Amino acid sequence: MARSFSMRGVQSAADRAVQHARAWMLETEPGSRVHDVQLDPRFQHRGVDLLWELPSGEVRGIEVKGDRNATRRRYFFELVSNLEKDTPGCFLYSGADLLVYVFLSQGELHVVPMKAAREWFLPRAKEYPLKHAFTQTGAIRYTTVGAVVSVRDVAEGVPGVLRVPLKRRGGAKDVAEEVPPTPESPQGQESNG
């Protein structure tokens, strides 16, 4: 079943996901700096939303996805960004080091090593169902296609995946943990594009 989204709703989820990603990065590496490059054409075609400048001088590219669905716990790996224009999806071309996937309703942020996830996924791509999402921007409507992949499968196949509880207001300190490859980790979702 295809889902339809308004650009305003998608952008709101994307903005909240970026805020959570930024907060996690700054807390994880005190003294680091985060540069928002979402609107910079030099990084848009590379599938990089944020640059994470670590205190050591190392710079990591970060792709951020926000998921608004309250019940499903799966990743949406974007394979075709715009079906009508036949443009590849960011999961295939992104030069980002990390995919930060924020499950907004579930209150979790997942950090997935992008290259390792892509190398794991591509030989198994046919095992996962494809979903279509429609986005309306003014008079223009376009279709995005992605694979729906369980978090458990990614955790079992890709080393170094982290699951971080999002901070709650007034909150206690949250700790990132490596996602254990157990049956308790199933998940599903849709992407904000």
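**From one loop outward**

Guide: Start at Asp86, in the loop between β5 and β6 (87-88). Strands are DSSP runs of E with at least two residues, helices are runs of H or I with at least four, and both are numbered from the N terminus. Asp86 is exposed, at 64% relative accessibility. The cut-offs are these: exposed means over 50% relative accessible area, buried means under 20%, and partly exposed lies in between (1.4 Å probe, protein chains only). The backbone of Asp86 stands out too. Its phi is near 55°, a positive value in a residue other than glycine.

A word on what you are viewing. This is a predicted model in which residues are numbered from 1 along each chain as its sequence is written, and side-chain values use heavy atoms, without hydrogens or water. Local features need pLDDT of at least 70 and side-chain atom pairs count only at pLDDT 80 or more, while totals for chains, interfaces and linings use all residues.

Now step to β5, on one side of that loop. Strand β5 gives three residues to the lining of the largest cavity, the largest share. A cavity is a set of points on a 1 Å grid over the protein atoms alone, where a 1.4 Å probe fits but cannot get out; lining residues have an atom within 4 Å of a point. The structure holds one cavity of 30 Å³ or more. The volume of the largest cavity is about 50 Å³. Volume here is the space filled by probe spheres set on the points, and points are joined across faces, edges and corners. Around the largest cavity sit Glu63, Lys65, Phe76, Phe77, Glu78, Cys90, Phe91, Leu99 and Met114.

Leu99 belongs to strand β7 (residues 98-103). Leu99 is buried, at 3% relative accessibility. Leaving out residues up to four places away in sequence, Leu99 touches Glu63, Lys65, Phe77, His110, Val111, Val112 and Met114. Touching, or contact, means heavy atoms within 4.5 Å. Look at Val111 in particular. Leu99 and Val111 are twelve residues apart along the chain, and their C-alpha atoms are 5.9 Å apart.

Leu92 is partly exposed, with a relative accessible area of 37%. Together with Tyr93 and Leu122, Leu92 makes a nonpolar surface patch of about 250 Å². Patch residues have over 30% relative accessible area and no salt bridge; nonpolar side chains (Val, Leu, Ile, Met, Phe, Trp, Tyr) are joined within 5 Å, and like charges within 9 Å. Areas come from the Shrake-Rupley method with a 1.4 Å probe, and for residues only the protein chains shown count as cover.

Next, charged pairs. Side chains of opposite charge can pair when their charged atoms come close. Here a salt bridge is a side-chain nitrogen of Lys or Arg within 4 Å of a carboxyl oxygen of Asp or Glu. The whole structure has eight salt bridges. One of them joins Arg73 and Glu108, at 3.0 Å from N to O. Arg73 is in the loop between β4 and β5, and Glu108 is in strand β8 (residues 108-113), so this pair links distant parts of the chain, 35 residues apart. Arg73 is buried, with a relative accessible area of 19%. Glu108 is buried as well, at 14%. Arg163 joins Arg73 and Glu108 in a network of salt bridges.

A further salt bridge pairs Glu27 with Lys167, with the closest N and O atoms 3.5 Å apart. Glu27 lies in helix α1 (residues 7-28) and Lys167 in the loop between β11 (162-165) and β12 (177-178), so the pair ties together parts 140 residues apart in sequence. Glu27 is partly exposed at 38% relative accessibility, and Lys167 is partly exposed at 41%.

Finally, step back. The protein has five helices and twelve strands. Of its 193 residues, 48% are buried. Among contacts between residues at least 6 apart in sequence, 65% join residues at least 24 apart. The accessible surface is about 9,900 Å², and 53% of that belongs to carbon and sulfur atoms.

Definitions and conventions:
1 Å grid on protein atoms, 1.4 Å probe; cavity = no way out; pocket = protein on both sides within 12 Å on 5 of 7 lines; lining within 4 Å.
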